[in-house]
Amino acid sequence: MAQEAPPFTIGIEEEYLLVDKSTYALAHAPDSLIDACKKDLADKVSPEFLQCQIEIGTGVCRTIGEAGADLAHLRRTVAKHADAYGLAPIAASCHPFADWKDQHHTDKERYNKLRRDLAGVARRMLICGMHVHVGIPEQDMRIRLVNQLKYFLPHLHALSTSSPYWQGDDTGMNSYRLTVFDNLPRTGLPPYMKDWAQFSSTVETLIQLDLIEDASKIWWDLRPSSKFPTIESRICDVAPRMEVTLTLAALTQCLTRMLWRKSMDGNGWRVVQNFMVGENRWRAQRYGVSEGLIDFGRKSLIPFSQAVDEILELIAEDAEALDCVSEVEAARNILRDGTSSDQQRAVYQAAIGKGADKQEALSVVVASLIADFHADL
């Protein structure tokens with residue numbers, strides 16, 4: 001008897017930074033702002049590690065269209081309540097000119113413990129990301145799909161890059177966020193696991209040693225969720241424009257379905273060593289979509305546009321089945337327009353060309369990120 005298809009439900013989490021609308025500097029989220037958001041959004045909104053951050057999460061959605069409607073409501077509501085305090089949210093993985101040393105963590109026991117455990121490394125976590133959950137109820141299938149899907153994580157990350165600046169300097173990276181996040185323990189690409197039992201045993205060992213409370217403290221780029229019957233992609237920078245978020249989520253959902261479908265046909269995707277996938281991961285965070293990635297079948301570098309074309313061909317059937325053809329096809333728009341990192345640099349250079357000094361130009365970049373946040377609402 002054929003195995004029943006997973007639901008491939010989808011959920012999206014995003015982390016935002018709050019900025020002062022007059023100075024464009026980071027601002028603390030007052031408790032009353034969080035309370036106002038919670039009154040409207042309940043458990044779909046929460047504070048984050050730093051006081052200048054706020055996190056949202058959609059409900060469990062059947063389609064990208066449903067997720068988009070939920071996400072638009074979440075973004076609009078956070079923006080509305082922030083505006084009442086003279087603040088605005090931005091969905092970029094690093095603030096262009098803020099200094100992490102000036103930020104303070106949220107005074108909750110969960111975050112206090114994190115600060116104690118991670119010491120100085122935690123203080124530098126002035127970064128935001130996005131997470132995509134795809135519903136896979138069967139536990140061993142979750143592990144098999146994690147083993148295979150990690151091949152495509154660099155492709156997804158390259159399209160998402162939104163963090164070229166750090167403390168006022170252009171880092172030369174398209175995703176500086178990932179270089180900061182990689183300082184935490186239990187990060188990076190997930191190791192190969194043969195089944196759920198091996199994964200559970202590994203997690204349980206760390207729990208018994210009192211090193212972690214639960215699997216939520218495993219921060220791999222892709223992991224079986226600790227709370228939900230899902231696999232959770234965590235590699236992407238958060239996207240300033242919601243349309244890009246939906247493209248990344250749709251690609252993640254379709255790639256997961258494609259890999260499941262091929263595994264059911266006995267043609268599971270090749271599992272490539274982390275050392276090799278890591279090379280593409282580095283190229284994605286360094287160059288975004290402007291340079292090629294390694295095709296391990298061909299053993300050659302291919303242009304990123306070719307990689308996108310081949311992915312879209314692979315998932316064409318899945319995009320039709322999941323009703324997200326337009327969202328995945330919009331990956332080509334990112335190639336055409338550049339990632340957020342490319343666009344932020346263009347805004348900066350345009351401001352410099354008009355006579356702005358460095359600080360003024362970086363403030364113009366923040367203003368553009370505020371506009372991007374509201375663009376698709």
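Me: What is the handedness of the crossing of α4 and α8?

Reply: The two helices cross in a right-handed way. Keep in mind that this is a predicted model.

Me: At what angle do the axes of α4 and α8 cross, and within what distance do they come?

Reply: The crossing angle is roughly 110°, and the axes come within 10 Å. An angle from 65 to 115 degrees counts as roughly perpendicular, so α4 and α8 are roughly perpendicular to each other.

Me: Which residues meet there?

Reply: From α4 there are M141, L145, Q148 and L149. From α8 there are L255, T256, L259, W260, S263 and M264. By class, the residues of this contact of α4 with α8 are seven nonpolar, three polar and no charged.

Me: Staying with α4, how many of its residues are buried?

Reply: Helix α4 runs over residues 139–149, and eight of its 11 residues are buried, so it is largely enclosed by the rest of the structure. The buried ones are M141, R142, I143, L145, V146, N147, Q148 and L149.

Me: And what covers them?

Reply: The cover over the buried residues of α4 includes the helices α5 (153–160), α7 (196–208) and α8 (242–264). It also includes the strands β10 (222–224) and β11 (230–233).

Me: What caps the N-terminal end of α4?

Reply: E138 does. One of its side-chain oxygens lies 3.2 Å from the backbone nitrogen of D140.

Me: Back to α8. Is R257 buried or exposed?

Reply: R257 lies in helix α8. Its relative accessibility is 17%, and the cut-off for buried is under 20%, so R257 counts as buried.

Me: What does R257 touch?

Reply: Leaving out residues up to four places away in sequence, R257 touches F8, E317, D318, A321 and L322.

Me: New topic. How do α14 and α15 pack?

Reply: Helix α14 (residues 340–353) and helix α15 (residues 358–375) pack at about 135°, and their axes are 8 Å apart. That angle makes α14 oblique to α15. The crossing of α14 and α15 is right-handed.

Me: Which residues make the contact?

Reply: On the α14 side they are S340, Q344, V347, Y348, A351 and I352. On the α15 side they are K358, A361, L362, V364, V365, S368 and L369.

Me: How do those divide by class?

Reply: The contact of α14 with α15 has nine nonpolar residues, three polar and one charged.

How values were computed: Residues numbered from 1 in each chain as written. Predicted model: local features only at pLDDT ≥ 70, side-chain atom pairs only at ≥ 80, totals over all residues. Heavy atoms only, no water. Axes fitted to C-alpha atoms, helices over the stretch in contact; angles between N-to-C directions. Helix = DSSP H or I, 4+ residues; strand = E, 2+ residues; numbered from the N terminus. Parallel < 35°, antiparallel > 145°, perpendicular 65-115°, else oblique. Left-handed = near helix turned anticlockwise from the far one by under 90°. Contact = heavy atoms within 4.5 Å. Nonpolar A, V, L, I, M, F, W, Y, C, P; charged D, E, K, R; others polar. Buried < 20%, exposed > 50% of the residue type's maximum accessible area, 1.4 Å probe, protein only. Polar contact = N/O pair within 3.5 Å; in protein donor to acceptor, adjacent residues only side chain to side chain.
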